[in-house]
Amino acid sequence: MKQRAAVLGTGQTQHRSKRADVSIAGLCREAIDRALADACLTGDQIDAVVLGKAPDLFEGVMMPELYLADALGAVGKPLLRVHTAGSVGGATGLVAASLIQAGVHRRVLAVAFEKQSESNAMWALSISPPFSMPVLAGAGGYFAPHIRSYIRRSGAPAHIGAMVAAKDRRNGARNPCAHLRQADMTMEKVLASPMLWDPVRYDETCPSSDGACAVVIGDQAAAEASGQPVAWIRGTAMRTEPTMFSGKDHVNPRAGYDCAQALWAAAGISSPVDQIDAAEIYVPFSWFEPMWLENLGFAEPGGGWRLTESGDTEITGQIPVNPSGGVLSSNPIGASGLLRFAESAMQVTGKAGEHQVAGARTALGHAYGGGSQYFSMWVVGDTPD
Amino acid sequence: MSQPSGPQTALHAVLEISFDYTRSLGPTLGAFMTALADRRILGARASDGSVHAPPFEYDPVTAAPPEELVEVGPGGTVTSWSWLPAPQEGQPLDVPFGWALIKLDGADTAMLHAVDAGSAAAMRTGMRVRPRWSGRRGSGITDIECFEPGEPPASGTVSTAGTVSTADAATVAMLTMPITLSYEHTVSPGESSFLLALAEGRLIGQRCPACQKVYIPPRGACPVDGVPTQDEVQLPDTGIVTTFCVVNVPFHGQQVPVPYVAASVLLDGADIAFQHLILGCDPNEVKMGMRVKAVWKPREEWETSLRNIEYFEPAGGPDAPYESYAHHL
């Protein structure tokens, strides 16, 4: 029997291309201090800390959790580190939630970060081992062919990716923490930007950001003692599959589909498009909005782009996707998944400020990582059930 | 690249990667390293009154940032040590030296640094040491080249202990930390067979005994059925492009000039595509389903690598119908 769990507070940094003013420790603390303030808690009320970040090669710091113990306030407490590539932020939130749901702890702090300016993720993701063909070209080079496959399979018009990018950048302008805040972005401007990994253009690509996110998760007693709105965790799910196997569906991965089905069952949701009020979905390249809308069951296979084209994924639409601006507006890789989870909690607690979806009561947080290999998701709501 | 001694030998080769990482220091470490450039050593006063040198960024008890940084040393006392008879590249000294924990005068914690004592016999716990400054300033902790036996000079360069405000401008705010990793990369026996066949101009895959799917490069096991694969299948050097992108982005470490077409190439008779280059036509002419054939390097350049195929080029003929490869996308 799972114990109830709720998000008591969230915090995130000012995401920028370079946060040269802070160390990795300082970056994490900026998010942690904001999360504790949001939850009206102090560090000594935290029972355990869960840290997530993407591959160590991204900053060249092996096992950063060891040196960050002081900064995370983890001295004398359990400290776990999670790693599931780009989905790690989501997985970090779910590990923290599971420590509450299992009745192990009362309040757990989840922290995730990336300081991309310390290194070069494109280089780190393009290392060719001996004997192989050196054609790797970062995450964009990996995902662009699968986006081409989606366009072919779905028959989506060529401008859908640009529509998503313009929407997310405009949403980012509503989010004071976002790295890119481009209130005047248009589909035409996106279409005019350089082609990087054809069919993916510059403005259809996530930025490279420094940033961190922290979330405090508590049990029912902690939630009731908080005296302010909390985001109840109504369902969680994680799934994994191999990166490459014969028959892998790179457009609509089985692990993502299965994860979503398990999530909806856990959260008691039968029609996601009708019952989810806001969705924070991991969209690092704009075309992944329609792809994941289908994978998650918001639309039938081949129909995700119609939700985008009709404006239903706008902040005022039927199913607002990434009202925060999403990964396309801020991408501190290790933190990006936890940001999706935190933003979903902000929506159902009414704390999203200018990017608040009116009347949001139920929201999705989603992350994926590797070569569409890891999936992490949760549903939060303004009531426990 | 090593020569195999037999068909069961796993091929291996060195993989070396390197990057000049940067370190944003933040206010505390920035002040510490700025002071080092000024030939002073700072510690941080903790909530319990003790002085930690080097300074902590966050108090190990209260998790708060330090309220004040105080000058310590330059003299210190060795609290424990280990002798390093054979230094390696990148270590502080190229002669045998001691790794020591050194409690600087005025500090309550010890810091790790090198002691140039000449011989292990000259090292002892409790020995007094002083810093030997390097010729560099602003390199971080290596501004101190090492410590050496003896008391610091009694006057002149030694400043009296005092309080330094964290508000002092940190002029050393960032360090560059080059890191190089050298691996011995070893491939599986199944992939070794594939690479040895490539050195003879042949393409070898393996068929799964359960699902009958042909994997190239072979993996030695089927990722779906989890059973060993041993049945080798020779494949032609022709196939189709299932999907692709045109890479226009230059980046650090890139080995192929842009623009280039990175494609998933599905060989005739294979059940999984692999990544390769498409050249020999304008990138705009590449299409999904296009038939391609391998262009091999000259035979005298062949080695145990997929690079023996320089690229794939259009083979002519009608494109494969979408339905024939849709399940490979």
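**Reading chain B and its partner**

Author: Let's start where the two chains meet: β5(A) and strand β15 (residues 238-247) of chain B run antiparallel and are joined by 2 bridges. Strands here are DSSP runs of E, at least two residues long, helices are runs of H or I of at least four, and both are numbered from the N terminus. Two strands pair if DSSP finds at least two bridges between them. Keep in mind that this is a predicted model, where local features need pLDDT of at least 70, side-chain atom pairs count only at pLDDT 80 or more, and totals for chains, interfaces and linings use all residues. Residues are numbered from 1 along each chain as its sequence is written, and chains are lettered from A and ligands numbered from 1 in the order in which they are written.

Reader: Which residue of β15(B) is the bridge partner of Trp197(A)?

Author: That's Val247(B).

Reader: Now chain B. What does the radius of gyration say about chain B?

Author: The radius is taken over C-alpha atoms, and the globule rule is 2.2 Å times the number of residues to the power 0.38. Chain B has 3 helices and 19 strands. Its radius of gyration is 30 Å, well over the 20 Å the rule gives for 329 residues, so chain B is more spread out than a compact globule. The C-alpha trace of chain B spans about 85 × 45 × 40 Å along its principal axes.

Reader: Where are the domains of chain B?

Author: Domain bounds come from an automatic or database domain assignment. For chain B, that gives domain 1 (26-172) and domain 2 (188-328). The centres of these two domains, taken over C-alpha atoms, are separated by 56 Å.

Reader: Is α1(B) largely enclosed or exposed, and why?

Author: A residue is buried if 20 or more other C-beta atoms lie within 10 Å of its own, exposed if 12 or fewer, and partly exposed in between, with C-beta atoms placed from the backbone. In α1(B), 11 of the 12 residues are buried, so the helix is largely enclosed by the rest of the structure. Among them are Leu29(B), Phe32(B) and Met33(B). Just after α1(B), Arg39(B) has a positive phi of about 65°.
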